[in-house]
Every structure is written in C-alpha cells, then in structure tokens.
There are 2 protein chains.
Amino acid sequence: MLTLYHYWSSVCSQKVRFCLSEKGLDWNSRHIDLFGFEHWKPEYLKLNRMAVVPTLEHDGRIVTESNVIIEYLEDAFPGPSLRPGDAFLRARMRHWINLSEAEAHHNVNTCSYNLRHRPRLMQKYSIEEIRGLAHGHPNSDLRARMVQRAERGVGEEEEAAAYRALAALVDWMEESLSEGTWLAGDVFSLADVAMGPYVNRIEVLAHPEILAADAHPRVADWWARIRARPGFQQAFSFANPDASDPVKR
Amino acid sequence: MLTLYHYWSSVCSQKVRFCLSEKGLDWNSRHIDLFGFEHWKPEYLKLNRMAVVPTLEHDGRIVTESNVIIEYLEDAFPGPSLRPGDAFLRARMRHWINLSEAEAHHNVNTCSYNLRHRPRLMQKYSIEEIRGLAHGHPNSDLRARMVQRAERGVGEEEEAAAYRALAALVDWMEESLSEGTWLAGDVFSLADVAMGPYVNRIEVLAHPEILAADAHPRVADWWARIRARPGFQQAFSFANPDASDPVKR
C-alpha cells in the first residue's frame, strides 16, 4: 500500500507523481494544504521533519525527499526500469537528479515566489496572521525567512540571479541532449522524471523565453516528448481538491 | 585507470577519497590548488562546469559531484559493497547522502569561511587581487558572492544560523543511530562515507561542543568507529602537497 502526502502544484510532488505513473503504481492521495500550513502541523512533522512535501508511506514505512523517493520506487518495485544499466549513464542520470534539486528547485522556488506564492498567501492572510502561523514551524531560521519573504517579497537582484541560473541550466540541458535523446542517454530515466516538472514550471514563470525553441531545439523536442507521455499527463492531471472551496483554493 | 582531481582539505574530496579507500581502489592524484584558483581555469572548467572539486576521471570519462561519484564507484566496481540490499535501508542511505550535501555541506562551508578560508585567502591576496582573480569564474553571481565574502566575511547572523543547522543535524544523526549501528542500518554504507568527513570538520570548527559525547553518545561512538577504519585513515592521510611551498601552502 502506497500513500503519497503531496500538494497538487508542488513541483517535487509532481516529480514523484510522474514517477509513480511511469512505474504503473497505484497510490492513495493524502493532499497536504500548503497554504493552510498543514505541513507545519505536529502530525505532519512526525512524518517529515523538514516540513516539506512530498512524503511517501509504503506499508507503514516513511520515505522523504523527492529524489530519494524516486530511487526508492525504482529499488522497491518491478515494472518499467527507469535507470540505465550502464554505470556511467547511471552517473549521468544522478547528475541530473542532483541538478533538479541543487539548481532547478532552489531557483524555480525563488522565481515562483513573487509571481505565484506570495499573491496566494496574501489573499488568505494578513502579515500579522503569517507571523502568528510562523510559530508553528520548528526551525527558527526557516520561520524568520518565511516571514521576511512574506513581508518584502523576493528582491529584484535575487530573482534576476535565479532566472540567470535557470537559463544556464537549460543551456546545459541542450548540450547534454546532444549525447542522447533523453538526459541520461537513449533511454527515458529518472533524470527525465526529475527535470520534466521543473521545465513545466519554467514555462509559466515570467521568462518563458528561457525555453525558446530556436535557441534550444533539443530541449524543445525533449519537452514535447515528455508532455506527450501518458505518465506525465496522468501525474499532471491531479487537480487541486480544494479548488471549489473559496477559503482553501 | 582512475584519476581524482581534488584538494587535500576539501570535505567533498575527503568524502570521495574515503569511498575509494573503502572500495580498495587505486587512483592517481591530480591536486587542484583551490587557493591558487586552479579550479577556475579553463582546462579545469572543461572537466567541471561548476568549478568545484572533486572530479573523477575513469578511463577518460568524467564524473562530477561527490555524491554522484560515490554511487558511481559502487555501480562500476566490485569489492566491498557499500549499499544495503534492502530497498528501504537504501532509501535511508540516500537520505543521509542527500543531507550531507543539502545540510552538512552548505553549513560547514559557511562556518569554515571566517575561521579557515578567509585567513588563507587574505594571507595570499589583497582584495584588489581577489577582484581581479574573480574575473576567471564563468558564473557572474558566484563571482560576486565570492568577492563580497572576501571583503566582508560571513555575517554573524548567517554563521550562527549555520551552526544551529549543524547542531540540529547532529541531533538527527543521534536519533537515526538508535535504529542501527551505522546510519543506514547495521551495515557500513555510503551514508557513513558521506557524513564522516563532515563530522570530522565540525570537530575543528568554533563549536566542537555540537558533538559533545554526553548529549550524543551514539554519534560519539559512531565517530570513534569511523576514525578507527583503515579506509578513513588512509583517505585523511593525504597531506597538502604544497605544504612546504611558502606561496602555495
């Protein structure tokens, strides 16, 4: 029995849902309302000490961190193999899994804040309420950062640097795709599972031209092939279960 | 043929040397003088786009990022297995490999700067020279950060937050070690390889009490067992090849 604690539009949640679909695995959904700060509640912190989504529960055992979860699904279940057999291609795969966290996640998060996260937060709460809610988080430094971001937004310089980093990452993908049709060679792998949801998000941020097909024809072709996969479509069809709730949506 | 591009006291380099020793693998050393900015030179950037050490070359093929390298060594070579067979324990192993980068590395680096890195930098260069050297780095944002850190050092608040994060990580290790003698269960694994060098560094930073044995008896015992391993001793016996050179040391 697999249960995924996740949020519909969280990129790391999308990554794990994409992996689950590609592996052909059934799972139960436990939607965690991030804008209701459900991930900061004691019950959730018992499962996920870092207070982030997603969390996977498999027969009562807990696995956290999206990159750890996707390798776990590959280790624990048969079905389509999403890891190349060759050691060197496997290293290339892990290189991209790693970049999806170290480069893509951090910078996509920074670029998403003013455009997407802050308006949703501000629609629901006053700054005073956010300060109050922040007390729920166990980590005082993350708490302070969260309040500061809500108060001031992400600074122009920080945001510009994050967009530059994303553009450099897409350049790198373009180069990498000259060596194979997928990111870790000629076979679709966890590298593509890890990067797909970030490219999906970059497309809706303030600088979609980062993905311009004339400058990055191989990335454009890869991205079209990712979007065409039934596994991707299934993972991204998960809609906000609170969309009709005027408070929670 | 294995060649490691590394720096004697870089924690990520120590991690890979520790892994190579535990696997019983021979390798050639190519020492990269970080304080001579050799890692920013075009020849090195061709191998390692992020301008960091270490880089592994195996029969002419390049693998970068210490966490990717240690899994590669496990995939590519026989010898003592450093990954548990069980999928769930393997996820625990990757969880700690991941934390060694996401939590330990970042914060150890912040805490090492004022205490260790900046004095060595300032002994060799004026701020003007550092500004000049910075032009060699391909990433303008990392370049700006490097110059800013050299000018001002790491701020008190940033440093204090990093020490708090390291203390929380050691608390977490203590909890994790209640479930097995090693970080991923009862078998020594890449999790221990990844965390050992960071605990070694924490011990020589400004707050070694983070490791106090009375508060963390299991971590103290684990750390004594790590230090006693011939593989660890061999990896850490690699001395600065420029120690006798008054300019490079």
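Predicted model: local features only at pLDDT ≥ 70, side-chain atom pairs only at ≥ 80, totals over all residues.
Start by selecting P54(A), which sits in the loop between α2 (42–47) and β3 (55–58) of chain A. Helices (H or I, at least four residues) and strands (E, at least two) are DSSP runs, numbered from the N terminus.

Residues are numbered from 1 along each chain as its sequence is written, chains are lettered from A and ligands numbered from 1 in the order in which they are written, and side-chain values use heavy atoms, with hydrogens and water left out.

Next, hop over to chain B and select V53(B) and P54(B), which are also joined by a cis peptide bond with omega of about 0°. P54(B) belongs to the loop between α2 (42–47) and β3 (55–58) of chain B.

Go back to chain A for one more loop stop, F37(A). Look for it between β2 (28–31) and α2 of chain A. F37(A) is not a glycine, yet its phi is positive, at about 60°.

**Helices in chain A**

Two packed helices are described by the angle between their axes and the distance between the axes. Axes are lines fitted to C-alpha atoms, for helices over the stretch in contact, and angles run from 0 to 180 degrees between N-to-C directions.

Select α7(A) (residues 156–176) and α9(A) (residues 217–227), whose axes come within 8 Å and cross at roughly 85°. That makes α7(A) roughly perpendicular to α9(A); angles under 35 degrees count as roughly parallel, over 145 as roughly antiparallel, 65 to 115 as roughly perpendicular and the rest as oblique. Show the side chains next: V170(A), M173(A) and E174(A) of α7(A) meet P217(A), R218(A), V219(A) and W222(A) of α9(A). Contact here means heavy atoms within 4.5 Å.

**Helices in chain B**

Now select α8(B) (residues 190–202) and α9(B) (residues 217–227). Their axes come within 10 Å and cross at roughly 100°, so α8(B) and α9(B) are roughly perpendicular to each other. On the α8(B) side, pick D192(B), M195(B), G196(B), V199(B) and N200(B); on the α9(B) side, pick W222(B), W223(B) and I226(B).

How do α5(B) and α6(B) lie relative to each other? The axes of α5(B) (residues 127–134) and α6(B) come within 10 Å and cross at roughly 170°, and α5(B) and α6(B) are therefore roughly antiparallel. Here I127(B), I130(B), R131(B) and A134(B) of α5(B) meet R143(B), M146(B), V147(B), A150(B) and E151(B) of α6(B).

**Where the chains meet**

Finally, show both chains together. The contact takes 31 residues from chain B and 31 residues from chain A. Between them the two chains bury about 2,600 Å², 57% of it on carbon and sulfur atoms; buried area is the accessible area (1.4 Å probe) that two parts lose on being put together, summed over both. Select R49(B), F88(B) and R94(B), which supply 24% of the area that chain B buries against chain A, more than any other three residues.

How many salt bridges are there between chain B and chain A? The count is ten, a salt bridge being a side-chain nitrogen of Lys or Arg within 4 Å of a carboxyl oxygen of Asp or Glu. To view one, select R94(A) and D75(B), where the closest N and O atoms are 3.1 Å apart.
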